[in-house]
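Subject: Structure handover

Hello,

The structure is below, with notes on what turned up in it. Please read them with the model open.

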Amino acid sequence: MPSQPFHVVITDQPLDLMEAHRFAADPAFGAIASFVGVVRNNNEGRAAGAVTYDVHETLAMKALEELCAESLKMANGPARVYAAHARGRLAVGEASVIIAVGTPHRKAAFEICQFMIDNLKERAPIWKNEHYLEGDNAWLAGNSLEAPGK
Amino acid sequence: MKRENIKINFYGAFRKYGDHETLSLPAGSSVGDLKDLLAKHLAGKIPGFPDSQLIRDSAIACDDAVVGPHYKVRQDERVSILPPVCGG
């Protein structure tokens with residue numbers, strides 16, 4: 001079993017839910033909660049066929065590691081956290097993000113899993129370019145990492 | 001006055017303008033100065049430039065840290081402009 005209690009991945013290869021579960025597992029844990037984000041075929045009434053994910057890799061890895069460290073503090077006990085995010089172009093149905101959290105009991109696993117995905121969306125420097133079936137594309141709006149005028 | 005050439009790496013919505021832009025700024029310029037000059041530079045280059053607000057809403061990273069508006073940028077750092085994020 002790997003000794004470090006968290007693992008983060010950014011890759012242009014297909015994400016692997018079983019790898020995430022294997023990392024989060026521990027004989028002393030009774031719960032593994034996982035979240036899989038997938039590319040959907042529509043957004044705000046427009047039909048979409050793919051999304052390209054752009055990533056500032058160094059800062060995104062740092063953000064995910066910080067989130068994992070915060071999660072482990074939240075757990076207030078043993079926990080294991082896995083977070084993987086895709087880079088590059090994904091088709092509808094492909095996984096863009098996988099979070100898996102192992103803890104002794106389910107409540108902490110659910111809470112940490114939700115914390116991870118909610119904060120990943122707000123804090124990791126990752127961007128989506130949505131490709132529409134009509135042939136055009138658009139970069140989606142998001143959350144500012146720095147408040148305007150700060 | 002000494003000037004520095006600052007290469008600004010583009011991400012997300014800025015990719016439509018290329019992968020980077022290099023600007024000449026007075027040494028000791030701040031992140032705020034850099035963002036102002038980038039907006040002026042792109043507005044001068046692209047008729048009807050639509051992303052001045054996006055520049056204001058974006059963060060600047062120097063090497064591996066997001067820095068504040070008063071941070072002094074240096075040409076030996078990897079400078080990136082980070083528009084609002086939306087991973088997941």
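Helices (H or I, at least four residues) and strands (E, at least two) are DSSP runs, numbered from the N terminus. His85(A) sits in one of these, strand S5 (residues 80-86) of chain A.

This is a predicted model, in which local features need pLDDT of at least 70 and side-chain atom pairs count only at pLDDT 80 or more, while totals for chains, interfaces and linings use all residues. Residues are numbered from 1 along each chain as its sequence is written, chains are lettered from A and ligands numbered from 1 in the order in which they are written, and side-chain values use heavy atoms, with hydrogens and water left out.

His85(A)

At 0% relative accessibility, His85(A) counts as buried (under 20% relative accessible area; exposed is over 50%, partly exposed in between; 1.4 Å probe, protein chains only). Leaving aside neighbours within four places in sequence, its contacts (heavy atoms within 4.5 Å) include Tyr53(A), Leu120(A), Gly87(B) and Gly88(B). The side chain of His85(A) reaches the backbone nitrogen of Gly88(B) at 2.9 Å.

Helix H1 of chain B

H1(B) covers residues 31-45, and its end C-alpha atoms are 21 Å apart, which agrees with the 21 Å that 15 residues should span at 1.5 Å a residue (the expected span is 1.5 Å times one less than the number of residues). Val31(B), Leu34(B), Lys35(B), Leu38(B), Ala39(B) and Leu42(B) are the buried residues of H1(B). Seen down the axis of H1(B), they fall within an arc of 135°, so they line one face of the helix (the arc is that of the directions from the helix axis to the C-beta atoms). Lys40(B) and Gly44(B), on the other side, are exposed. The cover over the buried residues includes strands S1 (3-10) and S2 (20-26) and helix H2 (52-57) of chain B.

The sheet of chain B

Five strands form an open sheet in the order S2-S1-S5-S3-S4 (chain B), with mixed pairing (two strands pair if DSSP finds at least two bridges between them). S2 and S4 of chain B are at the edges with a single partner strand each, so one side of each is left without a neighbour in the sheet. S1(B) and S2(B) pair in the antiparallel sense over seven bridges. Within S2(B), Thr22(B) is the bridge partner of Lys7(B).

Regards

Note on methods:
Polar contact = N/O pair within 3.5 Å; in protein donor to acceptor, adjacent residues only side chain to side chain.
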